[in-house]
Amino acid sequence: MVQITYIDSGGTVRTVKAEVGSTVMETAIKNDIPGIEAECGGACACATCHVYVDEAWREKVGAPTPMEEDMLDFGFDVRPNSRLSCQIKVSDELDGLVVSTPERQA
Ligand code: FES
C-alpha cells in the first residue's frame, strides 16, 4: 500500500491508501474523493478524471501518451502538469504522490 494525497479546488486535502497496480482514478473513486468523475470507467475516453500532478512529482509520474494527450484536449483548464488519473498506475515509486483536482471536470 502507498499513500496518495488529493487536494480539491477549495484546498481541502485528503490522503488515502492506494493499492499498487490500481490507478490514481480508481483510488479516488474507491475513497469517494470529490472532483473526479471518471465517466468512461478508465478507458481514456472521457477526460473527466483530469488531475494536476504536483510539480515535485511530475518527473516520476511521467508524460501522457499521445492518446491521453488527445483526450486531455477535452479537459477543463488543462495545464502543463495535467494528466488523466486513470492513466497513472500506482506503484511503490509513487508513494506520497500529490495531485489536485480542477475546479470542475469537462
Ligand atoms: S476515466 Fe475516462 S479518461 Fe479517465
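This is a predicted model: local features need pLDDT of at least 70, side-chain atom pairs count only at pLDDT 80 or more; totals for chains, interfaces and linings use all residues.
**Overall fold**

The protein has 3 helices and 5 strands. From the N terminus on, their order is β-β-α-β-α-α-β-β. The radius of gyration is 12 Å, close to the 13 Å that the globule rule gives for 106 residues, so the protein is as compact as a globular protein of that length. Along the principal axes, the C-alpha atoms fill a box of roughly 30 × 25 × 25 Å. Buried residues account for 44% of the 106 residues. Take the contacts between residues at least 6 apart in sequence: 64% of them join residues at least 24 apart.

**The core**

The largest nonpolar core has 28 residues. Tyr6, Val24, Ile36 and Leu97 have the most contacts inside it. Several elements each supply at least two residues of this core: strands β1 (2–7), β2 (13–18), β3 (50–53) and β5 (97–100), and helices α1 (24–30) and α3 (66–72).

Valine 24 is worth a look here. Setting aside its neighbours within four places in sequence, valine 24 is in contact with Ile4, Tyr6, Ser85, Ile88, Val90, Leu97 and Val99. Two of these partners, Tyr6 and Leu97, are also listed with valine 24 among the core residues with the most contacts.

**Strand pairing**

Strand β5 pairs with β1 and with β3. The table gives the sense and the bridges of each pair.

| Strand pair | Sense | Bridges |
|---|---|---|
| β1 and β5 | parallel | 4 bridges |
| β3 and β5 | antiparallel | 2 bridges |

Isoleucine 4 has leucine 97 of β5 as its bridge partner. Isoleucine 4 and leucine 97 both also touch valine 24. Tyrosine 52 stands opposite serine 100 in β5.

**Rings and charge**

The charged end of arginine 79 sits over the tyrosine 52 ring, 4.1 Å from the ring centre. Aromatic pairs are absent: the structure holds 0 of them.

**Lysine 60**

Lysine 60 lies in helix α2 (residues 58–61). Its relative accessible area is 57%, so lysine 60 counts as exposed, the cut-off being over 50%. Beyond its neighbours within four places in sequence, lysine 60 is in contact with Glu93 and Leu94. Cysteine 46 is 14 residues from lysine 60 in sequence. In space, the C-alpha atoms of lysine 60 and cysteine 46 are 24 Å apart.

Key. Residues are numbered from 1 along each chain as its sequence is written. Side-chain values use heavy atoms; hydrogens and water are left out. Buried means under 20% relative accessible area, exposed over 50%, partly exposed in between (1.4 Å probe, protein chains only). Contact means heavy atoms within 4.5 Å. Rings of Phe, Tyr and Trp (its six-membered ring) pair if their centres lie within 6.5 Å; planes under 30 degrees apart count as stacked, over 60 as edge-to-face and the rest as tilted. A charge sits over a ring if NZ of Lys or CZ of Arg is within 6 Å of the ring centre and within 35 degrees of the ring normal. A nonpolar core is a set of buried Ala, Val, Leu, Ile, Met, Phe, Trp, Tyr and Cys residues joined through side-chain atoms within 4.5 Å. Two strands pair if DSSP finds at least two bridges between them. The radius of gyration is taken over C-alpha atoms; the globule rule is 2.2 Å times the number of residues to the power 0.38.
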